[in-house]
Each structure stands twice: as C-alpha cells, then as structure tokens.
Amino acid sequence: MSVSITFVRPFTRVLVPFTLHRKRRVLYSTILPRYMSSKIPAVSCPNKESTSPPKQLELDGWKVTMKSSVQESVSTVSSTKDEDPVAATRELIEMWRLLGREVPEHISEEELKTIMECASKSSKKKYLKYLYVKEKMKKAKQIKKEIKAAAKEKAKTDQLLETTKEDKQQDFLFLRLWDRNMDIAMGWKGAQAMQFGQPLVFDMAYDNYMKPKELQNTVSQLLESEGWNRRDVDPFHIYFCNLKIDGPFYTELIKRYGEKWNKLLLTATEESHVDLFPKDSIIYLTADSPNVMSTFKHDKIYIVGSFVDKNQQPGISLAKAKRLNLATECLPLDKYLQWDTGTKNLTLDQMMRILLCVKNTGSWEEALRFVPKRKHTGYLEISRYSQELLNRVKKSKTFNSFPKGSLNIRTQKKVT
Amino acid sequence: MMTFCFTGIRSFPKLWKSNPYFGLSPGHSYTSVFLKDCFGIRNQQKWFSLKTASPQNTKAMNLLIMRARSGRKGEEGRNKQVPSESHLFAAGAAKKRSQMNPQSKDHPLPPVRNNIIQLPTKPLNSEEWDKLKEDFKGKANFENWIISQMAHYNSSVDVAKSLLAWVAAKNNGIVGYNLLVKYLYLCVFHKQTSEVFDVYEIMKARYKSLESGANTLLIRGLIHSDRWKEALLLLEDIKKVMTPSKKNYNDCIQGALLHQDVNIAWNLYQELLSHDIPMMETLKAFFDFGKDIKDDQYSNKLLDILLYLRNSQLYPGESFAHSIKTWFESVPEEQWKGKFTTIQKSGQCLGCGKNLESIHLSPEEYEFLKGKVMRDVIDGGDQYRKTTPQELKRFQNFVKYCPPFDIVIDGLNVAKMFPKARESQVLLHVVSQLAKQNLRVLVLGRKHMLTSRRARWRKDEMEEVQKQASCFFADNISEDDPFLLYATLHSGNHCKFITKDLMRDHKACLADAKTQRLFFKWQQGHQLAIINKLPGSKLTFQHILSYDTVVQTTGDSWHIPYDEDLVERYSYEVPTKWLCLQRKT
C-alpha cells in the first residue's frame, strides 16, 4: 500500500493544476448565478500555509476534485425540490443516512407522509428510527431465510443420494399429521372449556385510553394469551367483554385473526362483564389494587384489563373497578419476589400463563416464574421458609388427627 | 495541546468526586452543548471547558462554590448544613436536601474511555496514516472512528485535513459526506472561516441539499464572515423540511447583530417566539448590542424582552444579568444605577428598600386557580381515579358547612415526619401546638388512621386530635392531597397548608403552563414545611416567601431575579439573587 502511495504522489502535483484549469470555469458558471454576492476565495488559504509544517504536505488537493466531480445523485426525485416538501424530506433523510444516522434506506410514500405529519422533530426521529430497526430486522430475516433455504436444498440432495442408495421399506404406525392432530385435539379441549371451563374475562373498554401503537401491542398480547390458553391442559373459557363491534379493537382483531376469528373458541361480546356474571363473584385484577391475591379461587371470575399503558396513567383500571363496585386484587409479586426494576404491570400473556399455572398447580413459586427475570433478583427466601413452616404445622395436625391404623395403611402404600 | 487534553481527562474523576457541583448552568458552555447534539459528539467538551483546572484550581473552584452555596450572610458557618433561612423553593435547596441523604453520596463515575491509538498532533502523510490504520483494531470503520475522535478532542484542522487528503487519494478524490461534516465541525470549532467557505463550496457542488446538521454548522461558521447573509438562506433551507431549532435562530440573530442589521434580527426573533422559547444567549445578544444604539424603538423592544421574561417566568443567567445592568446604565439621560442584591424576608429589597410584588394572587387569579384545581386535579375527567363521587360529595358538604380554616394539615405527611416516633403522637403534638395559637385547624387523613389496630396509631391520641381540630378522613385508596389543595383554596387567601410534599404530580395535572405557574406562585405563598429535627420540640416552619420571584418594574425601578452560574437550580425552585435597577431622579 505504502509503495503505491509514494508512486502516486508525484502525479498529484502534476494533476492538480491541470484539473483546476479545466473544471474551474464550469464550477463558476454553476454557482455564481445562485450566489452573486458571495465571493469565492482562493482554493488554498494563505494563513494555513504558515502554520503547516515545513515538510509541506499536499493538503488541499482533494478539494479540487471534490468540487469538480459530478453531483452525487442523492435521490431519484427530479430537481424541482424547491417547491415540493415531500421530496425535500426524502433528500433530508437520505443525507442523514450518509451521515450515519439511524434512518431507513427505503421509504414508502405512505411512511413519508406519516413523517411529515409528525408534530415535533423528536417524534420524526423516533419514527425514523423505528423504520430503520424494522428494515434491519427484515433484512436479517431475509438473509437467514436464504441461508436456510440453501441448507435445505443441500440436505435434500444429500438425502436423495442416500435414499437411492438404500431404498428400503419401513413400517410406521402413524401418518405424519401431528400438527393437524394437535389442532383438532386443542379444538376439542377448547369446546369443552366453552361448556365447563372457568371464565376469564378480558375487559376491552380501554380503547380510548390508547394510541394506535399501544392498541396494536395489546392485540398482539391478546393473540399470544389466547394461544397459551389453547395449549393448556385445562383452558379457561375466555370472554372478550365490552368489545364494540367495528371499534378499533374489533377491526384490529379481525385483521390479525382473519378467517379464524369466527371459529375461535371464545366468547366475544359487546356486553359488560357485570351483565354476564354476578357482581360478587367478579374479581378485577389490577396492579394498583390494595388487596393482594393469596390463592386462586376456582369459583371466581377474574378480569384482566386489555390495556397497554405507555403513558403512565395510573389508576385507570382501579377507577373502572371502583365505578362498578367490584372486588380488586393484585398478584402477590412483592410477597414472593425480590423486586428490582420495572413496573408491576405485566403483559397480558404473562398474566395468562401465571393464571393458568396457578390454577393447575396452586403454587405461586411455580406460577411466578413467568414474571420476566429482569424485573426481579430472585425469590424471597422468607416466604418459602414460612410456607414450609406452615406446611409442617398442617402436616403434624393432620397426622395427629388420623387414627393410627389409617396412617399405617398410607405408609405401607408408599412402600409398595 | 493534545497531551494536555489527556491529562485533563485523567484528572477528571478526581474532579468529579471532590466537586459535586460540577453541572454548570446550561448557558455556560454553550458551544459544546450546541455541537453535541448535532453530531453525537459527546458531552466531553464540557469537561474541556474546565480542563485548565489543575488540582489547585479545583480547590479554588470548590471554595468558590462553597461560598456561593453557604449563602451571602457571613454568620452562617460552613458546617451548618441547612441554612434555616433558605426556603423550600430556593435555588439549590433540593440539591442540598439530596446531599443530606447519605445514600446518594456515591456518584457512579462516568466511564473514561482509554484510547488505544494516540491521536496524531501534527499532519501525517499517507504512509503514516496507513500505518496508523494497521494499528487500529476496532470494529468501526477506521476513517469514521478517527475523525470522530478528532472531533471529540478538537484536533487541529491541519491534522484532519491531512486525513481527508489521504482518504481522497485512496478513493479517487472522493471524501464521504460523513467525514466532510466532521471536518466542517472542526473548522467551525477552530473558527477557520476560509476553510468553512471551502467546505461550503464543496458541499454545494456535490450535494443537492444538505441535512440539518451540516446546515447548522454552516450557519454557525458563516455568521462571523461577510457572507453571513448566506446563513439566512440556509435557515430557509432548513425551514422547508422542519422548524429550525432555537440555536439556528440564535446564530442567525447573532450574525445579523454582528453586522448591524437590526431589522433582520428582530424579525427572526419574532419568528422564533412564535414556536419556541428563545435561548438566553439570544436575548443577551440584543442587550449587548443595545449598548451602542441610542434608539427609542430599540429600547422599547428590549423592555418587551424583559416583560416576556416576566410573563413566562424565566430568569436570566448571571452574565445576562450583567448585560442588562450594563445596558440600563448606558441609556443616556436616564441615569440608571444597578446593584446586585438580595431580598429580605419581608420582601424589601436590600438595595433600594422598596417592597417587591406580593406573592398573593389577585381575586380573579385565585378563583381561576380554584376552579382549575377542582376540575383538573380532583376530577380530572374521571372522579373515580382519585376519589369517588360519594366521597367528593361528602367532602364538599364538609367544607361548605365548616367555617374557613386557618391551617390545613396533611395528616399522613406530618405524622410520618420522624420515622422512629409514633405517628399519632407526632400528629397530636403538631395539632395541639397549632390549636394553642387559636388557629382553626383541619387535618386530612385516611380512614386507616382511625381503624388501624397497630400501635402506631393510638386511639386515644387520635380522639384528642379530633377534639382539637376538624378532621376529614378519605378512603384508604383515595388520594388525600387533592382534598388538601381544595380545602386550602376554599378557605381563602389567609389559609396555609402543612406538608413537605412538593406537589409536583398535582401541578403536572394542570392543563397549561400558565395555570401551572399560577399554582406554583400560590404554593410558594401558602405552603408551610416543618423543619423540626426532633419529635416533640417546638414547632418551626420554613419561612414562606412574601414576595413573588419574577421580573418586575415600577416604571423607575426594575427588579430582576437571576440564576447564579455556580448554583444548580431545580425547575421547581426560584433564584435568590436579584438585580436591582434604580433611576436617579
């Protein structure tokens, strides 16, 4: 590398005056009409020469080529940018990209419109960053897909070679239809839950507290919770209450579920939960509640608010419960976990998994493993200790109450 | 120069530890803040503005800060932590309170990056750059990384130029936009105007349009030259896509004033006012320029600026205060005399003996605030969020049928003042002391204070409290502060309330800035905070301001509060220093 440079350098000395004479005139003709008043100084600045070292490096040569070379076509839009703010915005974003800012490479007209509608500079930047990350993820996914496809292709050819080598008959008990079988089994279980399952209500009355983004997040979480419920051994019977037909929740759900929406094994209704169930059996779950949930009650109807709150508006769900005069409870997070950071509000799918787990096992330690690990530093030892203590006391009591004979039978059974 | 910078950095952690008041007022290191957010060049310039601080200087600085902190009166020793005279909302009070809290003593040190490569201090030739690139073992692109570092540590323009020359030689004479902008930053920083022109020409020739960062730098580079009018064109360019920042406007206004074009400056100022709060530097520039202008129209506009400060409750910085003083004293025939003073507790200016404006709201303002607090803080569109309609009704009836109170107490806040003392006992102590002075007292609390079976709330003591004062107990899940605010406002202007709570969350519930300022003014005049250190001792309150801390005039006098450079003021505090201007008659 260093050799080639030393070779080139004598040339630049020769080249520089040459290009200067040839291109300078063109430059003047393009710039001068725009800025008549401005005087363009000489290329090299005299006061610089005195401070530069005696060795006299060639420092200003690059400027000439930079000035003379053709304009980089920044975007495909024609040069009528002076009137068109859309094109100007597009160019601005392109320049930001050159600067290494977090902006997307490609922008659709619709997205550009959204950017122009952003009220403040920071919201513009936020949205651009969102697009940038989205684009990056998409690209990474695409690359992964290609790699996978190539690997698959390769495996296929390998397999072909193998199968041709040893083409032997094999005996199977089942056809490969696992996915469909699973679906059907889950459908049966879901139908059973619709008939005999414990209701779990998602209160959908929060659509006017949320921005579109939050609403989309909520629907994603609803989808995920529904999925977790479907796969469980003993699913809840899910209710979507206060779901306004043609409201924002409804349209978003239809959009996500598509055809499947009408075949979902859950109850979606415009009615409120207080109309469907007796008031005294309803428990509204909210992190703001002063009452801590001690055990999961199988005869109660738990309500979860489908609400993603990024604006920190505290007490909305508590206000809702207060208005309808409902009992409220919150998860015993502080009792079992050494809380570290983050809000006590959990996502809907986390709530669903915790409720399913506590319903099936009755153990909070087991259920609270679905609380994100980043939010707590570990389980509290004291509670476990007291729990054990309690169990021991219970056990000793039951043991004492048993007649001697039955105790023997039990121990014998264990042995066998 | 470079090596000097590094020693400056190395001594930095020490500086940080020994000097908790490191954060200077934002106006102080303006250039660094300005450039920082253009290019993500980190805040280290701020450190550099202090890099001359050798250990001795640090000490001197600390002394200075100490002196500034411990207040103007000599009788206050340095050991006394809370000067009793500083009120709850005095500038720097929050900082002091936080320092008394032992937990927050250890500031995490900012990570100091150690450089793998020593930045070159003189221009290198191609071979040397090649060698440096080989030594560099980082993930990033070498050229981008090194120019960022150079911008970071403000290398000389020549070094950067030699880098660009090397890049261009490698790359058919093309230098990337990114490098060009960072180079421009260095040129602007070192005020190399001719280089700025060159880069400007290159950018114009090469790119159809520029982005806001480069435009900002170009504006800043051009305003000092005779091509300053082109900066205005660049400002127009920015406007096409987004609203220019107040810094852009500041630069253009400074440029216009520098070249004696007052009309352009005022027009830009008007434009700026329509969408942003101007920077203090901008306003200061107008005052600085005004010294040489003898023009009534210009003077009136400067007075308008002062009224603007009054209306938006802004406070000038120390140097701005000096500029204001100098301008007033330069006005011919009016013979203004300016003094930097403080205000006595009674609201009398120590400089001239005049009384300042009272902190009390006018009757209209008072009614307005009362309505707003009821509507926004308590009701807030959903009565169930802070209380219930039944409870609200109960409270309103309660307040209506009681004669006006003199003192409203936040029972829980007062009772929990001393963590080791029994709550009900503390509350009873406070209430009985107030009742002895024949004051009508209202205690607000929650129901659990009565029904709690714990030893901390003794029944007999609570009964005693109820005998000596009127009480209202809200539901356990209701908020009591809004009731406190409303009861105080309802009782009238003479009524005060006792709590240490700064009520920031309730202030935030108010819809607009104007109402929030009214609330804050009312709060300053009506909030009593107990400063007792021992339970059971005689009740002492932090003194209440009787005057309003705001820019004010009586025609032939001006009183202007200002922020000291070395005191960190929180947003809910007010300055304690004043500029007093008097006209000799």
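The following questions and answers examine a predicted model of two protein chains, A and B.

User: How many helices and strands does chain A have?
Analyst: Chain A is made up of 416 residues, of which 37% count as buried. Among its contacts with a separation of 6 or more, 72% are accounted for by residues 24 or more positions apart. The count for chain A is 16 helices and eight strands.

User: What percentage of the residues in chain B is buried?
Analyst: The secondary structure of chain B comes to 27 helices and nine strands. Of the contacts in chain B between residues at least 6 apart in sequence, 71% join residues at least 24 apart. Chain B has 585 residues, and the buried share of them is 54%.

User: Which residues of chain A does B:L180 contact, leaving aside its neighbours within four places in sequence?
Analyst: With its neighbours within four places in sequence left aside, its contacts in chain B are B:L164, B:V175, B:V199, B:I202, B:M203 and B:Y207. The contacts of B:L180 in chain A are A:W62 and A:M66.

User: Why is the pair of A:F240 and A:W261 stacked rather than tilted?
Analyst: The whole structure has 38 aromatic pairs over all chains. In the pair of A:F240 and A:W261, the ring centres are 6.4 Å apart, and centres within 6.5 Å make a pair. Planes under 30 degrees apart count as stacked. The planes of these two rings stand at 15 degrees, so the pair is stacked.

User: How many residues apart in sequence are the parts that A:F240 and A:W261 tie together?
Analyst: Both A:F240 and A:W261 are buried. A:F240 belongs to strand β2 (residues 237-241) of chain A, whereas A:W261 is in the loop between α9 (248-257) and β3 (267-268) of chain A. The pair therefore ties together parts whose separation in sequence is 21 residues.

User: Which two helices does the pair of B:F395 and B:F483 tie together?
Analyst: The rings of B:F395 and B:F483 form a tilted pair, at 4.6 Å centre to centre and with 50 degrees between the planes. B:F395 lies within residues 389-401 of chain B and B:F483 within residues 481-491 of chain B, so the pair joins parts 88 residues apart in sequence. The helices concerned are α20 and α25 of chain B.

User: Is A:D207 buried or exposed?
Analyst: A:D207 is found in the loop between β1 (199-203) and α8 (212-231) of chain A. Leaving aside neighbours within four places in sequence, A:D207 is in contact with A:L215, A:K244, A:P248 and A:F249. The relative accessibility of A:D207 is 10%, and the cut-off for burial is under 20%, so A:D207 counts as buried.

User: Which element supplies the largest share of the lining of the largest cavity?
Analyst: The largest cavity holds about 150 Å³ of space. Among the 14 residues of its lining, those closest to its centre are A:A88, B:S209, B:L210, B:D237 and B:V241. At least two lining residues each come from α4 (85-98) of chain A and from α12 (212-222) and α13 (229-241) of chain B. The largest share, four residues, is supplied by α13(B).

User: How many nonpolar residues line the second largest pocket?
Analyst: The second largest pocket holds about 900 Å³ of space. It is lined by 36 residues, and A:A287, A:F307, A:K344, A:N345 and A:L346 are the closest to its centre. By class, the lining has eleven polar and eight charged residues, and its nonpolar residues number 17.

Note on methods:
Residues numbered from 1 in each chain as written. Chains lettered and ligands numbered in written order. Predicted model: local features only at pLDDT ≥ 70, side-chain atom pairs only at ≥ 80, totals over all residues. Heavy atoms only, no water. 1 Å grid on protein atoms, 1.4 Å probe; cavity = no way out; pocket = protein on both sides within 12 Å on 5 of 7 lines; lining within 4 Å. Points joined across faces, edges and corners; volume = space filled by probe spheres on them. Contact = heavy atoms within 4.5 Å. Phe/Tyr/Trp six-rings, centres within 6.5 Å; stacked < 30°, edge-to-face > 60°. Buried < 20%, exposed > 50% of the residue type's maximum accessible area, 1.4 Å probe, protein only. Nonpolar A, V, L, I, M, F, W, Y, C, P; charged D, E, K, R; others polar.
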